[in-house]
Amino acid sequence: MLWAFQRPLTLCSPPRPASVWQELQLYQTTALKRLTGLGMLKRDALRDQYASLESTMVPAEIMRQALEQNTTDKALVAFLVEDVASLPLTGRDNLTKRAGLPSRGQ
């Protein structure tokens, strides 16, 4: 007679958007500060929580690749720049709440 022993099946669920958001904030903040220190982002804009590129400080090869990629993904770029960027970051119906992400301080 054969006996079959099976271990209980453990299902792993993917991380929730809120936890991913919180985990990535450290890296995003560090990258933004580093790019600002290198002069690639405008310091005043970053203080207002807005990343604004200082295009004259970006190396030519990186700028060329970015422009090429923007052309390739034109519809996605338009969606992000025009549609998503127009959503408010503050107020009752802000982008963070719409995405189900934790607000700052939580």
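The legends below describe several close-up views of one predicted protein model.

**Notes for all views.** Residues are numbered from 1 along each chain as its sequence is written. Because the model is predicted, local features need pLDDT of at least 70 and side-chain atom pairs count only at pLDDT 80 or more, while totals for chains, interfaces and linings use all residues, and side-chain values use heavy atoms, with hydrogens and water left out.

View 1. The secondary structure comes to 5 helices and 0 strands, where helices (H or I, at least four residues) and strands (E, at least two) are DSSP runs numbered from the N terminus. Along the sequence, the pattern reads α-α-α-α-α. The mean pLDDT, which is the predictor's confidence in each residue on a scale from 0 to 100, is 80 for the protein, and 83% of its residues reach 70 or more. Among the elements, helix 3 has the highest mean pLDDT (91), whereas helix 5 (residues 95–99) has the lowest (75). Where pLDDT is low, the predicted coordinates should not be read in detail.

**View 2. The surface and the contacts of the protein.** The protein exposes about 9600 Å², of which carbon and sulfur atoms supply 59%; accessible areas come from the Shrake-Rupley method with a 1.4 Å probe, and for residues only the protein chains shown count as cover. Of the 106 residues, 9% are buried, where buried means under 20% relative accessible area, exposed means over 50%, and partly exposed lies in between (1.4 Å probe, protein chains only). Contacts (heavy atoms within 4.5 Å) can also be sorted by separation along the sequence: among those between residues at least 6 apart, 20% join residues at least 24 apart.

View 3. Helix 1 takes in residues 17–37, and at 1.5 Å a residue its 21 residues should span 30 Å, which agrees with the 29 Å between its end C-alpha atoms; the expected span is 1.5 Å times one less than the number of residues. A kink of about 35 degrees is centred on L24 in this helix, the bend at a residue being the angle between axes fitted to the seven residues ending there and the seven starting there. Just after helix 1, G39 takes a positive phi of about 85 degrees.

View 4. T36 is found in helix 1 and counts as buried because its relative accessible area is 5%. Leaving out residues up to four places away in sequence, T36 touches L41, R43 and L46. S52 lies in the loop between helix 2 (43–47) and helix 3 (60–72), and S52 counts as buried because its relative accessibility is 15%. With residues up to four places away in sequence again left out, S52 touches M40, L41, K42 and A45.

View 5. The structure holds 3 salt bridges, each being a side-chain nitrogen of Lys or Arg within 4 Å of a carboxyl oxygen of Asp or Glu. One of them joins R47 to D44, with the closest N and O atoms 2.8 Å apart. Both residues lie in helix 2, where they are 3 residues apart, about one turn of the helix. R47 is exposed, with a relative accessible area of 58%, and D44 is exposed as well, at 52%.

View 6. R64 forms a salt bridge with E61, and their closest N and O atoms are 2.7 Å apart. Because R64 and E61 are 3 residues apart in helix 3, about one helical turn separates them. The side chains of R64 and E68 also meet in a salt bridge (2.9 Å, N to O), and because these two residues are 4 residues apart in helix 3, they too are separated by about one helical turn. An α-helix has 3.6 residues a turn, so residues three or four places apart point the same way. R64 counts as partly exposed at 42% relative accessibility, as do E61 at 41% and E68 at 47%.

View 7. P88 lies in the loop between helix 4 (74–83) and helix 5. With a relative accessible area of 38%, P88 is partly exposed. Leaving aside neighbours within four places in sequence, P88 is in contact with D93, N94 and L95.
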